[in-house]
Amino acid sequence: MEVAVTVGIVVAGLLVARLHLHHRQRASLTVDGYQKARVVINGRYRPDMLRVQQGVPVRLRFLRREDNPCSERVIFAGFGIDRRLPAFQETTVEFVPTVAGTFLFTCQWGMYRGSLVVTAPRGGPKSPRAIKSEESMAEAKERTYIKGQGIER
Ligand SMILES: [Cu+2]
């Protein structure tokens, strides 16, 4: 009985942890100098956290695997991008992340959310235009923690 309860609690804990798990991805560099990543849209963005480097062109392919009107547009407010994503198609969005920081990308009503983490070159300034999000707060904490140990990344 006690074992069953303990197992139940552990399983419940894992399920909660899973709900809060963000899918992160570092964009990979193409031979023609783009940072590329693919985001699948089906009830959410996956991955919902993309890491890119400042100043290097980004090519994001959004594959919208649904026709829910909610996800019809993707908006990168920090970079002035607002694009329509036809249902069940892949749409490529390209831009240069000129500013470092954490920026939200969302659907037109802000229900689907992802973070674009733009990393500055070493020692580069942080942008005040960056939109704060849970991720950016967590990142800031992590950065502070790492700096406290004297480790630069
Ligand atoms: Cu929406």
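Reader: Leaving aside neighbours within four places in sequence, which residues is Pro57 in contact with?
Author: This is a predicted model. In it, Pro57 is in contact with Gly33, Tyr34, Gln35, Glu94 and Val96, once neighbours within four places in sequence are left aside.

Reader: And where is Pro57 found?
Author: Pro57 sits in the loop between strand 5 (49-53) and strand 6 (58-64).

Reader: How far is Pro57 from Pro97, C-alpha to C-alpha?
Author: Their C-alpha atoms are separated by 6.7 Å. Along the chain, Pro57 and Pro97 are 40 residues apart.

Reader: Why does Pro57 count as partly exposed?
Author: Because Pro57 has 15 other C-beta atoms within 10 Å, and partly exposed is the class between 12 or fewer (exposed) and 20 or more (buried).

Reader: On to strand 6. Which strands does strand 6 pair with, and in what sense?
Author: Strand 3 (residues 35-41) pairs with strand 6 in the parallel sense, over seven bridges. Strand 9 (residues 90-95) pairs with strand 6 in the antiparallel sense, over six bridges.

Reader: Which residues stand opposite each other there?
Author: Among them, Arg64 in strand 6 has Ile41 opposite. Arg59 stands opposite Glu94 in strand 9. Glu94 is also one of the contacts of Pro57.

Reader: Which residues of strand 6 are on the covered face, and which on the uncovered one?
Author: Val58, Leu60, Phe62 and Arg64 make up the covered face. Arg59, Arg61 and Leu63 make up the uncovered face.

Reader: Why the every-other-residue pattern?
Author: In a regular strand, side chains alternate between the two faces of the sheet.

Reader: Changing topic. What joins Arg46 and Pro47?
Author: A cis peptide bond, with omega about 5°. Pro47 is in the loop between strand 4 (45-46) and strand 5.

Reader: What about the phi of Phe88?
Author: Phe88 has a positive phi of about 55°, although Phe88 is not a glycine. Phe88 lies in the loop between strand 8 (81-84) and strand 9.

Reader: Is Phe88 buried or exposed?
Author: Phe88 counts as exposed, with 10 C-beta neighbours inside 10 Å.

Reader: Last one, the whole chain. How many helices and strands are there?
Author: The protein has two helices and eleven strands. The pattern along the sequence is α-β-β-β-β-β-β-β-β-β-β-β-α.

Reader: And how much of the protein counts as buried?
Author: Of its 153 residues, 18% count as buried. Among contacts with a separation of 6 or more, 56% come from residues 24 or more positions apart.

Terms used. Residues are numbered from 1 along each chain as its sequence is written. This is a predicted model: local features need pLDDT of at least 70, side-chain atom pairs count only at pLDDT 80 or more; totals for chains, interfaces and linings use all residues. Helices (H or I, at least four residues) and strands (E, at least two) are DSSP runs, numbered from the N terminus. Two residues are in contact if their C-beta atoms, placed from the backbone, lie within 7 Å. Two strands pair if DSSP finds at least two bridges between them.
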